[in-house]
Amino acid sequence: MTDIITGAVALGLVWAIVTIGVWITYRILDFPDLTIEGTIVAGAATSAILMTHGVSPLLCLLASFGVGALCGLITGILHTQLKIPALLAGILTGIGLYSINIRIMGNTSNLSLLGTRTLIDRFANLRGIKAILGLGIFENVVNKQNLAAIILVGVVVVMVIALCTWFLRTSYGCSVRATGSNPDMARAQGINIDAAKIVGLMLSNALVGLGGSLLTQYQSYSDVQMGIGSIVIGLASLIIGEVLFGKSSTLRSLIAVAFGAILYRAIIALVIQAGMRATDLRLFTAITVAIALFSPTAIQQVKLLRGRVKRRGDAGL
Amino acid sequence: MLVCKNLSKTFYPGTANERRALCNVNLSLRRGEFVVIIGGNGSGKSTLLNVVSGAILSDAGRIYIDKQDVTFLAEHKRARLIGRVFQDPMLGTAASMTIEENLALANRRGKTRGLGSGVTRTERVQFREMLRPLELGLEDRLTARVGLLSGGQRQALTLLMASLRDPKVLLLDEHTAALDPKTAAKVQEISLQLVREHKLTTMMVTHNMGDALRFGDRLIMMQEGRIVFEAQGPEKQALTVPDLVEKFVAVGSEVIA
Ligand SMILES: Nc1ncnc2c1ncn2[C@@H]1O[C@H](COP(=O)(O)OP(=O)(O)O)[C@@H](O)[C@H]1O
Ligand SMILES: [Mg+2]
């Protein structure tokens, strides 16, 4: 059981990075970006192929970050320069990436990393970390790899949150936020909104690429199908996080979204444990997101009706 | 300061929906001049302001600001020369951002936006001082999200943002029309204060005849994309509401009040 929990938390932390990427486009830029279904694989494939060629896993993280940014750049150009609608621009890049991802992996649709030492393996074997993992409190955890992953990816998540919080408070970060919030106003204030959208998309997809790299290093394989449904998983995590942990400030939202991703993984682990078929998971996720998206409207409706009933009561009717 | 030469604009040309919004408009404003524009619905007032701001590209004609030809300058590049307030209070500010962040965005018009702090400490002090004379209590709410403000407060904030970097031209498009009369009067008063203080060259569109007579150095009436009447100086001062109504009837426009 503890292994199920630690596994869910480790995977949740990896997905937290992807979810923060989704949050940047969906919430900050107001741009429903479907590129990420391809970007996550591009990040995974880039790291996988580099690692099988013996490149340092730390460098692989950077490479996947860069490849992700490139994916965002393509969608950004399709949208701002060729004037293709946001959804379609993301779909086009995503579809094109399918072919590219197979090429990146050396013309196969999946690549195993068994036998290569991933960042997590190396990290788990550091002397200090080994000592921590051997502590008495972790006695019950059989899979020490998960623990190492939690610490390592946890640090990356904190760094990502710090980076995003800092960037969104800079002068340029503010113009990206203004572009998402009110493009007319942004233009009137002299902001090049095309450039701001491209920068936002690049940052978002760079983070998704980074998430893909960590995912492949955690799972020790990369598969061209692994991105399917990632946008919905990201949205589910984002909404769960915002509903439960609030969104009053940038920092708060980022932390909420990260916890949302972990919670989502925990829920999935639980329902699987309870006997749900793995192939039914997507239906489960789709229904969860639909309910979550509907809930603000539902709450509003209930409040409205309650107010009506109350007023009627006050009027003595 | 601002020169419009032979501006023309037709929407949906060559279709059944063809709309001539501007027709050979010539207009020039001296530095610091305040021009009030009136005219019926669809007479081309907003289109004129949109062409000047670069939101719309004219079909023909030229625009010069401070002798610089800006006809083909992209809207966001032209923004450093122009301050704008729209009719809809929601349009001028970013609702999800704070008061100080909105002001800081405007304060960087025409400057490069880098990785420095989005709002600096000096700016914060400056903004507080600027907000105080508005007497709306905004100076104590710098970190409140703009979405929480009323329409009047948002419009006052937009005015402040528009006048922040001493624009060469200030464009006000029925910026009090969506407000209740009392708030409208307050916002109008703030507008005048800012225009006087910064000696701004201003174009103001209004539906309010009283405001049109009371404010500005010059009055322009538009109809079907043309300037059909103009008055300035003593001639403008002598105008009355009945005079304006008569002009409207003369050009065949519906009367507005
Ligand atoms: N963006 C646009 N697209 C199509 N037609 C427009 C657009 N803007 C204005 N028009 C048309 O141009 C004419 C002038 O409109 P406008 O300048 O908004 O008038 P006013 O501000 O004086 O009421 C109207 O017939 C209007 O329908
Ligand atoms: Mg108008």
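**From the chain to the ligand shell**

Modeller: I begin with the setting: for the 317 residues of chain A, a compact globule would have a radius of gyration near 20 Å, and the 21 Å of chain A agrees with this; the radius is taken over C-alpha atoms, and the globule rule is 2.2 Å times the number of residues to the power 0.38. This is a predicted model, in which local features need pLDDT of at least 70 and side-chain atom pairs count only at pLDDT 80 or more, while totals for chains, interfaces and linings use all residues. Residues are numbered from 1 along each chain as its sequence is written, with chains lettered from A and ligands numbered from 1 in the order in which they are written.

Around ligand 1 stand Phe11(B), Arg19(B), Ala21(B), Gly39(B), Asn41(B), Gly42(B), Ser43(B), Gly44(B), Lys45(B), Ser46(B) and Thr47(B), each counted if its C-beta atom, placed from the backbone, lies within 6 Å of the ligand. Two or more residues of this shell come from each of S2 and H1 of chain B, and H1(B) has the largest share, three residues; helices (H or I, at least four residues) and strands (E, at least two) are DSSP runs, numbered from the N terminus. By class the shell holds two nonpolar, seven polar and two charged residues, where Ala, Val, Leu, Ile, Met, Phe, Trp, Tyr, Cys and Pro count as nonpolar, Asp, Glu, Lys and Arg as charged, and the others, Gly among them, as polar.

Strand S2(B) belongs to an open, antiparallel sheet of four strands in the order S2-S1-S4-S5, two strands being paired if DSSP finds at least two bridges between them. Because S2 (19-29) and S5 (68-69) of chain B stand at the edges with a single partner strand each, one side of each is left without a neighbour in the sheet. Further in, S1 (residues 2-11) and S4 (residues 60-65) of chain B run antiparallel and are joined by five bridges, and Ser8(B) has Ala60(B) as its bridge partner in S4(B). Helix H1 (residues 45-53) of chain B lies across S1, S2 and S4, at about 65° to S2(B); axes are lines fitted to C-alpha atoms, for helices over the stretch in contact, and angles run from 0 to 180 degrees between N-to-C directions.

Chain B also touches chain A: 25 residues of chain B are in contact with 19 residues of chain A, a contact meaning C-beta atoms, placed from the backbone, within 7 Å. On the chain B side, H3(B) gives the most, with four residues.

How values were computed: Contact = placed C-beta atoms within 7 Å.
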